[in-house]
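Biologist: Hi! Could you walk me through this model in simple words?
Modeller: Happy to, let's look at it together.

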Amino acid sequence: MIVPIPDVHAGIGLATALVSLPLVMRLVPMNRFYGVRLPEAFASSRNWYEINAYGGRLLLAFGLFLIAFAYLANDIAPPPTSPWAPVFLLVPLLALIPVVARIRAYARRLPGP
């Protein structure tokens, strides 16, 4: 079964938004599996929650962006068998690059332990 590309974007966006909510609400204690795992985050409990809450907000915005993109691009999306399908699938995901860069920059500005 071939899944339409906007459905893939919507699914990734929904999953990202759902996974980011506990981070935004500061419900995830320091661990090595779930959350923004930068060295600065492990410097202190305060840094962990600050970085993860900030990163969670940005990831939530990214997830909502993908959901909106899926809805708005539904009529212009190429069929999944088109040679343009991989491009149309990956280009919106490139918006994750500045999200990660902003999280990293935020983490660098926080004080050490």
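Modeller: Let's start with a term: a salt bridge is a side-chain nitrogen of Lys or Arg within 4 Å of a carboxyl oxygen of Asp or Glu. This is a predicted model, where local features need pLDDT of at least 70 and side-chain atom pairs count only at pLDDT 80 or more, while totals for chains, interfaces and linings use all residues. Residues are numbered from 1 along each chain as its sequence is written, and side-chain values use heavy atoms, with hydrogens and water left out.

Biologist: Thanks! How many salt bridges does that rule give?
Modeller: It gives two salt bridges. In one of them, the side chains of Arg104 and Glu40 meet at 2.6 Å, N to O.

Biologist: Where do Arg104 and Glu40 sit in the chain?
Modeller: Arg104 is in helix 4 and Glu40 is in the loop between helix 1 and helix 2, so this pair, 64 residues apart, links distant parts of the chain. Helices here are DSSP runs (H or I, at least four residues; strands are E, at least two), numbered from the N terminus.

Biologist: Are those two buried or exposed?
Modeller: Glu40 counts as buried at 19% relative accessibility, and Arg104 counts as partly exposed at 26%. The cut-offs are under 20% relative accessible area for buried, over 50% for exposed, and partly exposed in between (1.4 Å probe, protein chains only).

Biologist: And which side chains meet in the other salt bridge?
Modeller: Glu50 and Arg26, at 3.3 Å, N to O. That pair links distant parts of the chain too: Glu50 is in helix 2, Arg26 is in the loop between helix 1 and helix 2, and they are 24 residues apart. Glu50 is partly exposed at 21%, and Arg26 is partly exposed at 38%.

Biologist: New topic: how many aromatic pairs are there?
Modeller: The count comes to five aromatic pairs. Rings of Phe, Tyr and Trp (its six-membered ring) pair if their centres lie within 6.5 Å; planes under 30 degrees apart count as stacked, over 60 as edge-to-face and the rest as tilted. Tyr54 and Tyr106 form a stacked pair, 4.2 Å centre to centre with 15° between the planes.

Biologist: Which helices do Tyr54 and Tyr106 belong to?
Modeller: Tyr54 is in helix 2 (residues 45–72) and Tyr106 is in helix 4 (residues 96–109), so the pair links distant parts of the chain, 52 residues apart. Tyr54 is buried at 13%, and Tyr106 is buried at 16%.

Biologist: Why is the pair of Phe65 and Phe69 called tilted?
Modeller: Because their planes are at 35°, with the ring centres 6.2 Å apart. Being four residues apart in helix 2, they are separated by about one helical turn. Phe65 counts as partly exposed at 36%, and Phe69 counts as partly exposed at 23%. Along with Phe62 and Phe88, these two form one aromatic cluster.

Biologist: What about the loop between helix 1 and helix 2: are Met25 and Ala41 buried or exposed?
Modeller: Both are found in that loop. Met25 counts as exposed at 52%, whereas Ala41 counts as buried at 0%.

Biologist: How far apart are Ala41 and Val28?
Modeller: They are 13 residues apart in sequence and 12 Å apart in space, C-alpha to C-alpha.
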